[in-house]
Amino acid sequence: MRLHLLAALPVALIACSGNAPATGEGAQAGETPPSAKPFRETVVADFVSPWALAFLPDNRILVTEKAGQMILLSADGKRRQTIATLPVDSAGQGGLMDVVPAPDFATSKRIYFSYSTAGQGGKGVVLARGRLRGEGASERLGEIEALFQARPFVEGNGHYSGRIAFAPDGQSLFFTNGERQKFTPAQDPQATLGKVLRLTLDGKPALGNPLVAKGFAPEVWSYGHRNLLGIAFDAQGRLWEQEMGPKGGDELNLIMPGRNYGWPNASNGSHYDGRDIPDHRPGDGYEPPKVWWNPVISPGGLMIYSGNLFPAWKGDAFIGGLSSRSLVRVDLDGQTAKKADQWPMGARIRDVEQGPDGAIWVIEDGGESQGRLIRLTPR
């Protein structure tokens, strides 16, 4: 059933990491000095607890702040304006989250975004969209409507996820729903929690989803996930996703339709209280990660590079590291992946995106560190 237009709801949000936040900034003992990194870092702007960034066709930049502000930044970072202040539930890991312009933004002016809200039964993540209207200083996001909300709403303030990726053909979108720190919903066929969902552009279940005949909710594309904080397509149309593991076991997954990725029955990490979780193993019925980390990196954003400024990295995955305070590169080769580089950034990296000219952009999460937007170019 179609949801009502976005109504009022509250604001603020702390970093969405399953691990203790780091403090301070700058190179620490044993870290790589800036001069040794293969890129030059240029600070473009600073924000208050930003969560995501995205580029418009005219090179301007959308940035969400956890407290509910959506900001439009000029390409050079010198001019900014708040185009929407959204009433979100910002307790814990909640707030205003992802933002992605529609594939037809040039004509439709639509912007898709996600946020957390409170409602009957507790709290959950919502997919919404609006339309950018006006010109110059009068530009604002209007016609805001909620398209889809996670089921069920549950108590608690963690593992909302809320990442958005449009299919390569622009006719559907993929939306991540975390398991909200409740474990078992990730395996529940009727819950959307702990799942990758495939939806129409209006937020309805997309036709042809793979698990309907098995009694799953019609939106479900894959299941058995924990806290999915990055999702992106590569140039060949393969869908990649990264998620935070528990105590160890952060994952990069190749998402295949209808597959079960194991949580909470299989993980290469352990429970925080030390109880063991069976590792992924051949024949267990669960899709294993292509890469996993222990110690964790606390992945906070995912981008597949396709630009020309860093030709040696074309086709590779880039992941923001929160507790690891790093930028991580994973070498992708078809359906295989292996760890490559992990550069210390001196702050928690919430999101990473590719700019129109092929530069790599990262944004710090602004919780226990800075909230800077930084452009990376070849050294």
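## Strand 23 and its partners

In this predicted model, Trp361 has Arg375 of strand 24 as its bridge partner. Strand 24 covers residues 372–378 and pairs with strand 23 in the antiparallel sense, over four bridges. Strand 23 also pairs with strand 22 (residues 349–354), again in the antiparallel sense, and here five bridges join the two. One place to look along that pairing is Asp351, which stands opposite Ile363.

Follow the chain from strand 22 to strand 23 and you will trace a hairpin with five residues between the two strands. Gly358 sits in the turn and has a positive phi of about 95°.

Strand 23 itself runs over residues 360–364, and five of its five residues are buried, so the strand is largely enclosed by the rest of the structure. Ile360, Val362 and Glu364 point one way, while Trp361 and Ile363 point the other way.

Next, find Asp316 in the loop between strand 18 (299–304) and strand 19 (317–321). Its relative accessible area is 2%, which is under the 20% cut-off, so Asp316 counts as buried.

What does the side chain of Asp316 make a polar contact with? One partner is the side chain of Arg329, at 2.5 Å. The Asp316 side chain also reaches the backbone nitrogen of Leu332, at 3.3 Å. Leaving aside residues up to four places away in sequence, Asp316 touches Met303, Ile304 and Tyr305, together with Arg329, Val330, Asp331 and Leu332.

## The largest pocket

The largest pocket has a volume of about 1,000 Å³. Its lining is made up of 42 residues, and those nearest its centre are Ala232, Phe233, Met303, Ile304 and Glu353. Several strands give two or more residues to this lining, among them strand 2 (50–55), strand 6 (96–101), strand 14 (227–233), strand 20 (326–333) and strand 22. By class, the pocket lining has 26 nonpolar residues, alongside eight polar and eight charged ones.

## Backbone details worth a look

Two cis peptide bonds can be visited here. The bond from Arg151 to Pro152 is cis, with omega near -5°, and Pro152 lies in the loop between strand 9 (140–149) and strand 10. Another cis bond joins Trp263 and Pro264, with omega of about 0°.

Lys109 has a value of about 65° and is placed in the loop between helix 1 (105–108) and strand 7 (110–119). With 33% relative accessibility, Lys109 counts as partly exposed. His159 has a phi near 55°, and its loop is the one between strand 9 and strand 10. Is His159 buried or exposed? His159 is buried, with a relative accessible area of 2%.

Methods. Residues numbered from 1 in each chain as written. Predicted model: local features only at pLDDT ≥ 70, side-chain atom pairs only at ≥ 80, totals over all residues. Heavy atoms only, no water. Buried < 20%, exposed > 50% of the residue type's maximum accessible area, 1.4 Å probe, protein only. Polar contact = N/O pair within 3.5 Å; in protein donor to acceptor, adjacent residues only side chain to side chain. Contact = heavy atoms within 4.5 Å. Pairing = 2+ DSSP bridges. 1 Å grid on protein atoms, 1.4 Å probe; cavity = no way out; pocket = protein on both sides within 12 Å on 5 of 7 lines; lining within 4 Å. Points joined across faces, edges and corners; volume = space filled by probe spheres on them. Nonpolar A, V, L, I, M, F, W, Y, C, P; charged D, E, K, R; others polar.
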